Amino acid sequence: MINYQIQKITAKQAKEYIHKYHYSHGSHNGPSPCFGLFDDTSLIGVLMFATPCSENVRASVFGKEYVDHVIELHRLHILDITPRNTESWFISRCLKLLKQLRPEIWSVLSFSDTTEGHSGIIYKATNAYRIGTTGKATFYIDENNRLRHPRQMGINITKEMAKERGWTPVTRECKNRYLWLLPVSKHNKKELIQLCKYNLV
């Protein structure tokens, strides 16, 4: 893929890039690990992993006792100057790097936002399982035009609380939910499929 390089980067670097280029203009406060896509010394893409804000989301994969084995592909963005298939190439390699850095992680969740016209085609190209959809939800736009999740720092934000903060409610359409398994062997993959609460076909 054209001399592109992937490097682990700091959360600060990743957040600055995502806040500038991603449609949400925001991210998890403590993403980790984060990876950057570089063209020589220029940062042209970022992928963030993070712990999902809801423990129920993590528990939905393998059960409550295994929540620490589930992480989320939280943010992904690549500049439009890249050739076709760069995103799937980048995701695949970041998943391998994640497994090396965090061998305790068994699976990765991600969500494609249909409000933004994202169906998850790129995720399918990387062999992710489609495991359903979320419902519509009320999010908020803050004074800096940043998209805010309705749950902040472990607190569910009501419309009254949002109004006090000067945030504007917006209805977001459903998101498609995807899942990658990170097995260490074919045998282990079968075990993870059996343990998973979703029907992975």
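Predicted model: local features only at pLDDT ≥ 70, side-chain atom pairs only at ≥ 80, totals over all residues.
Student: Where in the chain does His25 lie?

Tutor: His25 is part of the loop between H1 and S2. There is something else to notice about its backbone. Most residues other than glycine have a negative phi, and most peptide bonds are trans. His25 is not a glycine, yet its phi is positive, about 55°.

Student: Which peptide bond is cis here?

Tutor: Look at the bond from Ser32 to Pro33, which is cis, with omega near -5°. Pro33 has its place in the loop between H1 and S2.

Student: Back to phi, then. What is the phi of Asn127, and is this residue buried or exposed?

Tutor: Asn127 has a positive phi of about 70°, although it is not a glycine. Its relative accessible area is 66%, so Asn127 is exposed. You can find Asn127 in the loop between helix H4 (121-125) and strand S6 (129-133).

Student: Now the strands. How many bridges join S2 to S3, and in which direction do they run?

Tutor: S2 and S3 run antiparallel and are joined by 6 bridges. To find your place, look for Leu37, which stands opposite Gly45 in S3. The two strands form a hairpin with 2 residues between them, and there Asp40 takes a positive phi near 60°.

Student: Is S3 mostly covered or mostly open?

Tutor: S3 is mostly covered, with 7 of its 9 residues buried. A general idea to carry with you: in a regular strand the side chains alternate between the two faces of the sheet.

Student: What does the largest nonpolar core contain?

Tutor: This core has 32 residues, and those with the most contacts inside it are Leu47, Phe49, Leu73, Phe90, Ile91, Val108 and Trp180. Several elements supply at least two residues each, among them strand S1 (4-9), strand S3 (42-50), strand S4 (70-78) and helix H3 (86-101). H3 gives the most, with 6 residues.

Student: Which residues does Leu47 touch, leaving aside its neighbours within four places in sequence?

Tutor: Leu47 is in contact with Pro33, Cys34, Phe35, Leu73, Arg75, Leu76, Phe90, Ile91 and Cys94. There is also another core, apart from the largest one, with 12 residues, including Val61, Val70, Tyr129 and Tyr198.

Student: What caps the N-terminal end of H2, and what follows H2?

Tutor: Ser54 is the cap: one of its side-chain oxygens lies 3.2 Å from the backbone nitrogen of Asn56. Gly63 follows H2 and has a positive phi, near 110°.

Student: One more feature, please. What is the strand order in the open sheet of 3 strands?

Tutor: The order is S8-S7-S11, with antiparallel pairing. S8 and strand S11 (168-172) stand at the edges with a single partner strand each, so one side of each has no neighbour in the sheet. Strand S7 (residues 137-141) and S8 are joined by 2 bridges, and Ile141 stands opposite Leu147 in S8.

Student: S8 also holds Arg148. Is Arg148 buried or exposed?

Tutor: Arg148 counts as buried, because its relative accessibility is 18%, under the 20% limit. Its side chain makes a polar contact of 3.0 Å with the side chain of Asp142. Leaving aside neighbours within four places in sequence, Arg148 is in contact with Phe139, Tyr140, Asp142 and Trp167.

Notes:
Residues numbered from 1 in each chain as written. Heavy atoms only, no water. Core = buried A, V, L, I, M, F, W, Y, C linked by side-chain atoms within 4.5 Å. Buried < 20%, exposed > 50% of the residue type's maximum accessible area, 1.4 Å probe, protein only. Helix = DSSP H or I, 4+ residues; strand = E, 2+ residues; numbered from the N terminus. Contact = heavy atoms within 4.5 Å. Polar contact = N/O pair within 3.5 Å; in protein donor to acceptor, adjacent residues only side chain to side chain. Pairing = 2+ DSSP bridges.
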